[in-house]
Amino acid sequence: MNKNKIKKIANSFNGDLAKDLKNPKFKKTFNEEMLKLQIAEQIIALRKKRRLTQKDLAKKINTTQAVVSRIENAQVYPSTIVLQRICNKLNVNAKFEFCEL
């Protein structure tokens, strides 16, 4: 696929998304899913930076590989307890902030 076709598809998607985000119910669901994806992305990046498998991380934080997988696939929100365990065991701090939509 050439760059112009990709750009056209991306522009179409962005336009459709902008329209859909005007629907309050869609916007609420979209924002909830984006939050799960952002958390998942951060956990995956940290795990890979530390060269850990999902199983390795699960063992460190006293849970199962299946739980780590569900978090990393944005199927569930990690509990604050799980987030704290990740911070403690991987020697990092978490940063949380609210921002305008």
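The largest pocket has a volume of about 1,100 Å³. The structure is a predicted model, and the values given here are computed from it. A total of 28 residues line this pocket, and those nearest its centre are Leu35, Gln38, Ile39, Lys95 and Phe96.

The largest share comes from α2, which supplies 13 residues. Sorted by class, the lining comprises 16 nonpolar residues, together with six polar and six charged ones.

The cysteines were examined next. A disulfide is a covalent bond between the sulfur atoms of two cysteines. Searching the whole structure turned up zero disulfides. For Cys87, the closest cysteine sulfur is that of Cys99, and the 19 Å between them is too far for a bond; the cut-off for a disulfide is a pair of sulfur atoms within 2.5 Å. Cys99 is likewise in no disulfide, as its nearest cysteine sulfur, that of Cys87, is 19 Å away.

Cys87 is buried, with a relative accessible area of 10%, whereas Cys99 is exposed, with a relative accessible area of 61%. In short, the model has a buried Cys87, an exposed Cys99 and zero disulfides.

Key
Residues numbered from 1 in each chain as written. Predicted model: local features only at pLDDT ≥ 70, side-chain atom pairs only at ≥ 80, totals over all residues. Heavy atoms only, no water. Buried < 20%, exposed > 50% of the residue type's maximum accessible area, 1.4 Å probe, protein only. 1 Å grid on protein atoms, 1.4 Å probe; cavity = no way out; pocket = protein on both sides within 12 Å on 5 of 7 lines; lining within 4 Å. Points joined across faces, edges and corners; volume = space filled by probe spheres on them. Helix = DSSP H or I, 4+ residues; strand = E, 2+ residues; numbered from the N terminus. Nonpolar A, V, L, I, M, F, W, Y, C, P; charged D, E, K, R; others polar.
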